[in-house]
Amino acid sequence: MAQYQLIHFTLNGKPVEKYIDVRASLTDVLRNDFSMTSVKKGCEVGECGACNVLIDGECYNSCIYLGVWADGKNIRTLEGLLGPDGELSDIQQAFMDETAVQCGFCTPGFIMTAVEILESGKEYSEEELRKLLSGHLCRCTGYENILRAVTKVMKQRLKKS
Amino acid sequence: MNNTGKSVTRVDAYDKVTGRTKYYEDLMPKDALYVRIKHSEIAHGYVRSIDTSAAEAIEGVVRVLTCFDVPDIPFATAGHPWSMDPSHQDTADRHLLNRHVRYYGDDVAVVIAENEVAAMQGVRALKVEYDELPFVLDVQEAMKEGAPQIQENSPGNLLKHTSAKGGNYEEAIKNPDLIKVEGWYETPTVQHCHIENHGCFAYEENGRIVCVASTQIPHIIRRVCGQALGRPWADIRIIKPYIGGGFGNKQDALYEPLCCWCTSMMGGRPVRIDCAREETFVSNRVRHAIRFHIVTWLTKDATIAARKVEVFSNQGAYASHGHSIAAKAMGSFAQHYPCPDFESDSYTVYTNRPAAGAMRGYGMPQASFADESNIDDCAKVLGMDPVDFRMKVIMPKDYKDNFSGNVNYFDSFRACLAKGRELFDYDRLYKEYSGQTGPLRRAVGVATFWYNTAVYPISLETSSNRMLLNLDGTVTTQCGETEIGQGADTAFAQMTAEILGLKSYRDVHVVSCQDTDITPTGLGAYASRQTYVAGFSIRQTGEQLREKILKHASERTGQPTDDIDIEEGNIVSLRDGNVLMSLGELAKIVQYDPVHSEHITAESTFTIRSNAYSFGCTFVDITVDIPMCKITVNRALNLHDCGNLINPALAEAQVHGGMSMGLGFGLSEQLLFDPKTGRVLNNNLLDYKLSTFMDHPRLEAEFIENPEPTSPFGTKALGEPPACSMAPAIRNAVLNATGVEVDMLPLNPHNLFRRFKESGLIGE
C-alpha cells in the first residue's frame, strides 16, 4: 500500500482534499494538515474525549479514527461553530457564561458532544445528559458547570422550537 | 469596590470556547525532531550496556543518546524557590538519563528522529542490558535493615526525618483515666491526570536555548535547566504558553532539562518531547502515598489530652519535592486539634516507585484523611455527634501559630461547620439515618481541613509585577504568577482595575504567557499562593503607576495631585467630580510630547513576609450498598473561608474541581504496582479510575467571606483547599452507616469488601 493517499472530505462546510499519510489518525490529519488545533490530544487511545469531532453528525474520538476513513465524510470541529460574522453559538456562549471553562483543554471536545446532543432536539434528564457526556474526562471542573451550560442551552432551544 | 468581588467572565474564555487558545503543541515548529524516551523495564539496577545499532539503522532515526552520554551533573527537580542556604536546597539525585535505574519507567536513553514512527521504532530497537538489583515498593519494607539501597547518599533509604513536640507526651499518657483511640490510616499513590500531558520543545537562538514548555513555574524551570546542563541560567529562555492543567505535576522540572540538552546535542535544531498518557502516569510525578499512625488520648469529658502522630511518606525513586510534603502533613495535626502534650515524627523514604512530587493539597489531603478519620473514631468512642465533638476540640478562635504567624481571627472552623450543618440539614439527617440495619444504608459524614497560603516562612515569597499605561487608556499587566486553568489572569485583571480605578477589568490586558526574557521574575503557580502574593505586587505597582499618572495629570491640568483622582478610567476633579481628561488622552499627550516624551510604566517587587490560614469543611450524604461494597455520593457540599472572593463564580468553579479530585481520591483512584516487577499496571485512563461525569453528584460550594487582615485584597488560599476534606468525609459517612472504619483509600469495592468481611458485615 502506498504511504500517501488522496482523500476528499467536507471540513466545517468546505470541500477539501489532501494527500495524507495512511498511518495517520484523523486527529493528526486535522491538526497537522489542516491546522485544526482545537482538536486536542489527551491520550490518543480513545479514553479522554479531548479529540472529539463530529463525523456525519455523530461524535467520534478522532484519535482512534484513521484519517483515510474521512474520505467522503462531513467533518465538523470546534473551529466550524462560529457564525458567518464570527458570532458565538449559543453553546459556546453558555460555556462562557456558566464558567464551564478552566484550563480549556477538554473544552473543544465537550462542546462538540454538546452540539450532537443539542442537535438531536430531544429533552434529556440530568442522568441521561451525564451518560451522554461521560465520554469526556475533565480534571478541572468536576463537570458541574459543564452540566449547567448544556442543560441551559437544551432548555433554551426546546423553548424556542 | 467596582472590579473585585464580581463574577465577571474569564479573560481567556472566548479563546477557549473557540479552540483558539494555543498550548505548547499548537506552537510546534514544523521541523522539530521527535525525541522518544527509552524507559527502564526493571525496577532497580544498573544499565550495563545499550546496543544502539539496530535503532540507528532505522530510516528517519537521526541520533541515539544514552545514559552514558549525559553530563555527570546530578540535579534537583522540585519547583521550589532557590535557597541561598545549601542546607535548604533540594536533593540533587538524578541525571538527565540514569545509569542507576531506580523505578520501572526510569529514563535510560533517547532516540531522536525525523518522525514519530521512526522515533518509536528506534526506542523499541534499543537493546538494554542491566545488572538487576532487588527492589522495594513499601515504605516500612524500605526502612528495614538490609533493604535495597536506592540512593547512594541516603543510607537506609531515609531522605529525611523530622519531629515536632509539645508538652510531655510520655508523662501525660500515664494518666489512667484517659481513653486511647489508635489507628493506622493509609493513602495510595495517585496521579494528577491533567488532560494535557506534559511536553515541551526546545531550539537554540543566538547560542541560547529557548524552551517552550507545559509548566507551572517558568522561572524556576530556567534555573533547573541551567543547573542540569551546567550552563549559566540566562543561557536558557523558558516560554510558558497556556497549559492544559498542572495540579502540581508541572510544578517540577519534568522533561524540560532533557529537551534543552537534546537540542544542544543536535546543534540547536528544534526537538520535541511529548509525553504519552502512559508516560505521564509513570515517568512524571505522582502524589505521595502516606501511611499514618495516630494515637489519641481522650479525657472522659471529651477533650484531647495527648496525641502522637507518625507519618511515613513514600517518596518513590527520586527526591523531587521530598520531605516538604510529609513535613507539611505532620505540621497540620497540632494546629488542627491543639492539645497540651503531643509528639510527631515524619519520615520520607525512598522506594522503587515513580517519584512523588507536588500534587494539589501537598500532603494535606493525606493528613486530612488520617486526622479526620481518627477524630471521627474518637467521637464514636465517646458516643458523640462528630460535628459536636469537632466544635469542642477544633482550633480555637484567635489561635496563633508562632511559626507562620497565622491567626484564626474569625473562628472560621466553627463558622463553616455551623453554616454547613444548617445548609445540609445535617442534624435532622444524622438522626434520621441512625440505626439502619439493611443492605442499603444512607449516612451523612463530615470532615474539615486547614491550609496555609503560600510558603512563607519555609521558603522565599516574592512577587514582581509590571504595568504599562497604553495610549488608549488601557493598562497592560504582567507578573510571574501563572495561569494554569484556575483563572489567575482574570483575578489579576480585576485587581489591577480595582487598584488603578479603571472602568472595567476589560481595560486591563494581562500578558498571560510568561517568557523568562521578558516577564518580571516570579515563582509560578503553587501553594495556593497566586492571588495572595500577586495581590501585594499588583497593589504596590498599581500605586506607583497611579502616582505617576496623577503627577502627569497634575502637570497637564494644573490641578494639585491631591485634588485629582482616577475614576472609571478618567482623571477627575475631587472638588466637583468633573472629568478633566481620560487616561487615553493623558497617555497620548505624554507619549507624544515633543520635548519630554514618556511611556508611563511601573515595575516593582514585593517580598511577602506573611501567611494566612484558609479553612473549610465537607458534608456528604452517601448510600452504602453493603453486598455490592459500593458507595454512591448523593450530595456533597464544601464550605470555605478563603477570605474575600475576587471572582465568586471562578471561586465556586475552583471548589468544584477540588471536590472532584477529592472524590476520586476517596472512591476510586490508585496506581497499582505489580509486586513481581514493580511495574505500574494501570497507567492509562481506562484502568486508572478517574471519576467520570456519571460518578459525580451535584457539587455545592458555599463561602464565608472573612477578609484576611494580612492580604491586600483580603484573600487567602483557595486553589488546593477544596481537594482536602472530601475523602475523609466519605470515609466518616461509611463509618456512620456501617460502624466499620475503612482506613485505607480508595474506598473502592476491594477495600470495602476486605473491611466489611473482617467486621462481619459480609459473611463467608
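1. Start with A:Thr107, which sits in helix α3 of chain A. Helices here are DSSP runs (H or I, at least four residues), as are strands (E, at least two), numbered from the N terminus. A:Thr107 has a relative accessible area of 2%, so it is buried. Buried means under 20% relative accessible area, exposed means over 50%, and partly exposed lies in between (1.4 Å probe, protein chains only). Leaving aside neighbours within four places in sequence, A:Thr107 is in contact with A:Phe95, A:Val101, B:Lys16 and B:Val17. Contact means heavy atoms within 4.5 Å.

2. A word on the basis. This is a predicted model, in which local features need pLDDT of at least 70 and side-chain atom pairs count only at pLDDT 80 or more, while totals for chains, interfaces and linings use all residues. Residues are numbered from 1 along each chain as its sequence is written, chains are lettered from A and ligands numbered from 1 in written order, and side-chain values use heavy atoms, leaving out hydrogens and water.

3. Next, A:Phe110. Helix α3 of chain A, residues 107–119, holds this residue too. A:Phe110 counts as buried because its relative accessibility is 0%. Beyond four places in sequence, A:Phe110 touches A:Phe95, A:Leu133, A:His136, A:Leu137, A:Cys138, A:Tyr143, A:Ile146 and B:Phe693. The C-alpha atoms of A:Phe110 and A:Asn61 are separated by 11 Å, though the two residues are 49 apart along the chain.

4. How do α3(A) and α5(A) cross? Their axes come within 10 Å and cross at roughly 30 degrees. That makes the two helices roughly parallel. Angles under 35 degrees count as roughly parallel, over 145 as roughly antiparallel, 65 to 115 as roughly perpendicular, and the rest as oblique. Axes are lines fitted to C-alpha atoms, for helices over the stretch in contact, and angles run from 0 to 180 degrees between N-to-C directions. From α3(A), A:Phe110, A:Ala114, A:Leu118 and A:Glu119 meet A:Ile146, A:Val150, A:Val153, A:Met154 and A:Arg157 of α5(A). These contact residues divide into seven nonpolar, no polar and two charged. Ala, Val, Leu, Ile, Met, Phe, Trp, Tyr, Cys and Pro count as nonpolar; Asp, Glu, Lys and Arg as charged; the others, Gly among them, as polar.

5. Helix α5 (residues 144–160) of chain A also meets helix α2 (residues 90–97) of chain A, with axes within 9 Å and a crossing of roughly 140 degrees. This pair is therefore oblique. On the α2(A) side the contact includes A:Ile91 and A:Phe95; on the α5(A) side, A:Ile146 and A:Val150 are among the residues. The contact of α2(A) with α5(A) has seven nonpolar, no polar and four charged residues.

6. Which residues touch the most other members of the largest nonpolar core? They are A:Ile91, A:Phe95 and B:Phe292, in a core of 137 residues. A nonpolar core is a set of buried Ala, Val, Leu, Ile, Met, Phe, Trp, Tyr and Cys residues joined through side-chain atoms within 4.5 Å. A second, separate core has 60 residues, including B:Leu33 and B:Val455.

7. Check the backbone as well. Most residues other than glycine have a negative phi, and most peptide bonds are trans. The bond from B:Tyr456 to B:Pro457 is cis, with omega near 5 degrees. B:Leu745 and B:Pro746 are also joined by a cis peptide bond, with omega about -5 degrees. A:Asn12 is not a glycine, yet has a positive phi of about 50 degrees. A:Asn12 counts as partly exposed because its relative accessibility is 25%.
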